[in-house]
Every structure is written in C-alpha cells, then in structure tokens.
Amino acid sequence: MRRFISIILAPLLLLSLTGCFGPPVDPDTVQESIQVIAMDTPMLISTYGRRSTAAAYASEDLIRDLESRLSRTEADSAVSRLNRGETVEPDEDLTTLLRLASCFRDRTGGAFNIGVAPLVSAWGFTTDHNQVPAPSEISRLLKVVEETALQESPEGLTLGPDQAIDLGGIAKGYAADKLADLFREYEIPRAMAQLGGNVLAWGDRPDGTAWRVGVQDPARPGEQNAFAGILNLKNAFAVTSGGYQRYFEESGKRYHHIIDPATGYPADSDLTSVTVVADCTYDDCVGTLCDAFSTAFFIMGEEEALDGWREWQEESPSFFDLVLITEDGRVVVTQGLAESFTLDEGSGYTLEIVS
Ligand code: AMP
Ligand code: MG
C-alpha cells in the first residue's frame with residue numbers, strides 16, 4: 001500500500017516541482033504597473049526588474065510629493081503660498097525649477113514664462129470655468145506678467161501684488177527627471193512612464209526592441225491610438241505640447257491653454273503640436289528642458305522653433321530633436337529622428353525631414 005501511494009505521489013511531486021521551478025524567469029522582465037491621477041492628468045508607470053514593485057510605489061510617492069509642493073491648485077503648496085503674497089523659503093526642488101524657468105525664459109525669447117499664471121487663471125484654465133477675458137483685463141494682466149519678479153530677502157522669496165507663477169509647463173518634465181533618478185537608484189533596467197504628454201522611455205522593451213511612443217494626431221484629440229506617427233525610442237524623453245490637449249469653445253471659436261505672454265491670448269500658432277525628444281541618460285534636468293521647449297516652440301511656431309533647434313545644434317549637436325505637426329498637414333521631423341519616426345500612412349499627413 002505504501003508503495004502504491006509513493007507511485008501516485010512521485011509524479012505529482014515531480015509535476016509540482018516543475019511548476020514551481022519551470023523555465024527560469026529573467027528578473028529584468030518582471031513587471032509592475034501603476035496608474036496615478038496627479039498634476040491634473042492621468043499617469044501610467046510600468047517598471048521592470050527585481051525591484052519593479054518597490055520602484056513603482058516609490059514613483060507614485062515621488063509624484064504626489066512633488067505635486068503637493070509645486071501645484072498652484074493645492075492650497076498649502078509653496079507655489080500657492082507664493083501666489084497668495086506670502087514669503088516662502090523655497091526647498092531644493094522649487095529653487096531648481098525657478099532657476100531653470102528663468103533660464104528657459106531667456107532661451108525662448110520670453111515665450112516660456114511661468115509668470116503667465118494670472119492670464120492662465122483669467123482664461124479659467126485653473127478652475128475649468130473657462131471664459132474669454134475682456135480685452136481691458138488682458139491688457140492689465142499683461143503688465144502684471146511683464147513685471148513679475150521674485151524678490152529675495154533673508155526670509156525667502158516674495159512675489160509682487162497680483163503676480164503669480166504657474167509651473168504647469170515644466171512640472172511634469174521635472175517629475176520625469178526625478179523618475180529617471182529614481183530608476184537609476186533602484187537599478188531599474190527598463191520602464192515606461194507616461195505623465196500626460198511627457199513620456200520617459202527608460203532602457204528598451206523586454207524583447208530588446210525600442211519602445212513605441214505614439215505621437216497623437218492633433219486633429220483627432222479624443223481618439224485613442226489616433227497617431228500621426230510612431231517614435232521608436234530607447235532611453236529617451238519625449239514631451240508633447242499642443243492646443244488640442246486642453247481647450248474650450250465659445251461663439252464657435254476654440255481657445256486653448258498655452259498662452260502667448262506677448263499677447264495674453266492663446267498662442268496663434270501655425271503648429272498643432274510639438275514633440276521634443278532627448279536622451280534621458282544624462283543626470284541633468286533634460287526632461288524639464290524638453291517640457292519647457294515643447295510649450296515654448298508651440299507658441300513660437302514652425303520657423304522660430306526650427307531656428308531655435310538649429311541654434312542648439314550648433315552648440316550641442318543632437319542634444320534634442322523635434323516632431324512638429326503643422327496646421328497645413330505636414331509632419332516636420334528634425335534629422336536626428338529620421339530613423340526613429342514612422343509616419344502613420346493613414347493619417348493623411350506628409351512627412352518632411354529637415355536639417
Ligand atoms: P504644456 O502642457 O507643458 O505645454 O504646458 C501648458 C501649461 O503651462 C498650461 O496649462 C499652463 O499651466 C502653463 N502655461 C501656459 N502658457 C505658458 C507659457 N507661455 N509659459 C509657461 N507656462 C505656460
Ligand atoms: Mg511643457
């Protein structure tokens with residue numbers, strides 16, 4: 001009888017052992033995914049590797065912590081306190097962002113300007129009660145924006161009356177930079193982070209191929225998988241700005257959320273979207289730069305954006321590249337992305353590679 005039992009149990013034991021040990025799992029392909037709604041946008045982060053779960057949860061904590069300190073819609077954030085006229089001692093992140101914002105303002109001829117906040121509010125983009133402000137109100141606020149400056153004292157920083165700052169044009173890029181630091185710390189071999197229009201394609205895909213990042217067709221904003229083309233990327237930031245991402249309509253006219261600090265109105269751009277792509281392996285706020293430049297280049301339009309890109313090409317070749325989608329149906333791709341970008345043939349756009 002005992003022998004009979006062992007004859008039955010032996011194959012079962014063997015089966016369960018092969019079930020447990022099976023073919024070895026490559027730890028670099030173990031995946032964890034989390035979804036977060038933060039910074040006013042849905043975010044999806046997928047991490048791979050031995051510490052994928054710990055890194056995914058740490059990513060969520062990192063984003064929520066940044067939001068609590070940098071968002072102008074969180075009443076207790078440092079930015080909200082500054083905007084209420086309080087004197088604030090900035091922490092390291094805010095200090096870095098204010099320094100970068102000032103540098104990006106200079107480098108974009110004033111198109112990128114965090115001081116545009118009072119205008120963003122007047123158009124109702126912080127409350128979602130959108131309205132077209134009276135021209136007199138726009139003229140008044142343009143003066144406020146122009147004069148916006150942070151006064152430094154031993155107690156901290158203070159804004160002038162009516163002045164306010166809005167980090168919405170760079171905060172997600174900065175969060176992407178911080179995620180890259182976190183992935184380095186947790187030794188994450190590969191990850192995909194989508195923070196609204198800010199993508200961090202870390203490493204490669206588990207099968208060794210590039211991540212496929214869709215560039216949304218601005219003419220079909222609400223549709224999923226409606227792409228003008230696909231970027232095949234390894235180790236890259238890809239940040240998209242466009243008027244289609246947030247807008248309202250009044251009297252048959254569309255008003256979007258990217259405000260031209262020169263006019264006070266939503267930028268009257270000949271572009272419908274701008275994507276800035278750069279290497280994410282430098283430890284140097286490159287994601288923040290991509291975010292600021294995608295916003296600014298959208299405002300500046302095709303010609304000025306390409307001039308800006310060429311200037312950077314002279315200084316640091318291939319530092320970043322662009323995918324511009326124009327009002328007149330072209331997708332303009334700078335040469336560094338010629339091999340990585342594939343036009344969606346059904347989208348109706350024509351492709352131009354520029355150098
Ligand atoms: P993005 O989605 O990165 O292009 O940033 C758009 C957001 O940045 C808006 O929702 C505003 O919060 C803010 N913003 C709007 N216009 C500007 C501007 N000219 N410079 C800097 N930030 C801006
Ligand atoms: Mg931006």
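1. Contact here means heavy atoms within 4.5 Å. The model is predicted.

2. Helix 2 covers residues 52-70. Its 19 residues reach 27 Å from first C-alpha to last, close to the 27 Å expected at 1.5 Å a residue. The buried residues are S52, A55, A56, A58, S59, L62, I63, L66, E67, R69 and L70. Note that E67 and R69 are on that list.

3. What covers the buried residues of helix 2? The cover includes strand 1 (31-38), strand 2 (41-48) and strand 5 (191-195). It also includes helix 3 (78-83), helix 4 (92-107) and helix 7 (171-185).

4. Helix 6 runs over residues 135-147. Its 13 residues should span 18 Å at 1.5 Å a residue, and the end C-alpha atoms lie 19 Å apart, which agrees. I138, L141, V144 and V145 are its buried residues. An α-helix has 3.6 residues a turn, so residues three or four places apart point the same way. The buried residues of helix 6 pack against helix 5 (117-122). On the other side, P135, S136, K143 and E146 are exposed.

5. Now the magnesium ion (ligand 2). Its protein donors are G169 (O), D291 (O), D291 (OD) and T295 (OG1), at 2.1 to 2.5 Å. The donor residues are spaced G-x121-D-x3-T in sequence. G169 sits in the loop between strand 4 (156-158) and helix 7, and T295 in helix 8 (residues 286-315), so the pair ties together parts 126 residues apart in sequence.

6. Is T295 buried or exposed? T295 counts as buried, because its relative accessibility is 14% and the cut-off is under 20%.

Conventions:
Residues are numbered from 1 along each chain as its sequence is written. Chains are lettered from A and ligands numbered from 1 in the order in which they are written. This is a predicted model: local features need pLDDT of at least 70, side-chain atom pairs count only at pLDDT 80 or more; totals for chains, interfaces and linings use all residues. Side-chain values use heavy atoms; hydrogens and water are left out. Helices (H or I, at least four residues) and strands (E, at least two) are DSSP runs, numbered from the N terminus. The expected span of a helix is 1.5 Å times one less than its number of residues. Buried means under 20% relative accessible area, exposed over 50%, partly exposed in between (1.4 Å probe, protein chains only). Donors are N, O and S atoms within 2.8 Å of the metal (3.2 Å for Na, K and Ca); water is not among the atoms, so sites may look incomplete.
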